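Here is a short briefing to read with the model open beside you. Take the topics one at a time and look for each residue as it comes up.

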Amino acid sequence: MRYAGISANLMSLGGLAIAIGMMVDGGVVMVENIYRHLSEEAAHPTAWSGAGGSEAPQVPPESKGHQILRAAREVGRPVVFAIAIIILVFLPLFTLEGVEGKMFRPMAFSIAFAMLASMLLSLTVIPVLSAFTVDESTLPAQQDAAIGMFGGANWAPNMDNPQNKKFVAAYEA
């Protein structure tokens, strides 16, 4: 904002406080899709025999990097358009003049700059960090994670956590 000559007044800082929730949306969507792609591949690995023999052509398993790239490309355009729509919402604030312009224009610029930075990070840095942080130990087992979370034959609350003990005791009382 300093390079653009925009002051960091109370309105612009308040706008950034509001924009924090909007800024993480692109990264959350990206990480969730990458996690979904990697967990689906872990749950249902592609059969690869290496030798012919079967009528159906065998495809080699996709590397983790290619899976992440495919997942990032899948949601890249929706993330860009979602952030662009948020920035376009603030377009009328850029045209204000006088006292209103002095009050609201810095807020609109600060939110627009923050959203552009979040778009850049969610399209570039988040997939790279996901390649380093998401591994086989963090992926769910063969069972769907939602089944274990919301009920099923084998579901029981984890009573190792002291907070869970308090919540279960309060619920049962």
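Ile-126 is partly exposed, with a relative accessible area of 22%; here buried means under 20% relative accessible area, exposed means over 50%, and partly exposed lies in between (1.4 Å probe, protein chains only). This residue sits in helix H4, where helices (H or I, at least four residues) and strands (E, at least two) are DSSP runs numbered from the N terminus. Please keep in mind that this is a predicted model: local features need pLDDT of at least 70, side-chain atom pairs count only at pLDDT 80 or more, and totals for chains, interfaces and linings use all residues. Residues are numbered from 1 along each chain as its sequence is written, and side-chain values use heavy atoms, with hydrogens and water left out.

**Who meets Ile-126**

- Leaving aside neighbours within four places in sequence, Ile-126 is in contact (heavy atoms within 4.5 Å) with Gly-27, Met-30, Val-31 and Leu-121.
- Gly-27 is 99 residues away from Ile-126 along the chain, yet their C-alpha atoms are separated by 6.4 Å.

**The chain as a whole**

- The chain has six helices and zero strands, giving the pattern α-α-α-α-α-α along the sequence.
- Of the 173 residues in the chain, 24% are buried.
- Among contacts between residues at least 6 apart in sequence, 73% join residues at least 24 apart.
- The accessible surface comes to about 12000 Å², and 67% of this belongs to carbon and sulfur atoms; areas come from the Shrake-Rupley method with a 1.4 Å probe, and for residues only the protein chains shown count as cover.

**Helix H4**

- H4 covers residues 98–133, which is 36 residues, and reaches 49 Å from its first C-alpha to its last.
- That reach is close to the 52 Å expected at 1.5 Å a residue, where the expected span is 1.5 Å times one less than the number of residues.
- A kink of about 40° in H4 is centred on Ser-122; the bend at a residue is the angle between axes fitted to the seven residues ending there and the seven starting there.
- Leu-121, Val-125, Val-128, Leu-129 and Phe-132 form a nonpolar surface patch with about 480 Å² of accessible area together.
- Patches are made of residues with over 30% relative accessible area and no salt bridge, joining like charges within 9 Å and nonpolar side chains (Val, Leu, Ile, Met, Phe, Trp, Tyr) within 5 Å.
- Phe-132, one of the patch residues, is exposed at a relative accessible area of 68%.

**Helix H2**

- H2 has 26 residues and reaches 37 Å from first C-alpha to last, close to the expected 38 Å.
- A kink of about 40° lies at Val-75, shortly before the proline Pro-78.
- The buried residues of H2 include Ile-68, Ala-72, Val-75 and Val-79.
- Gly-65 lies in H2 (residues 64–89) and is partly exposed, at 45% relative accessibility.
- Gly-65 and Ala-131 are 66 residues apart in sequence and 6.7 Å apart in space, C-alpha to C-alpha.

**A salt bridge**

- Arg-36 and Glu-74 meet through their side chains in a salt bridge (2.8 Å, N to O), defined as a side-chain nitrogen of Lys or Arg within 4 Å of a carboxyl oxygen of Asp or Glu.
- Arg-36 lies in helix H1 (residues 10–43) and Glu-74 in helix H2, so the pair ties together parts that are 38 residues apart in sequence.
- Arg-36 is partly exposed at 33%, and Glu-74 is partly exposed at 40%.
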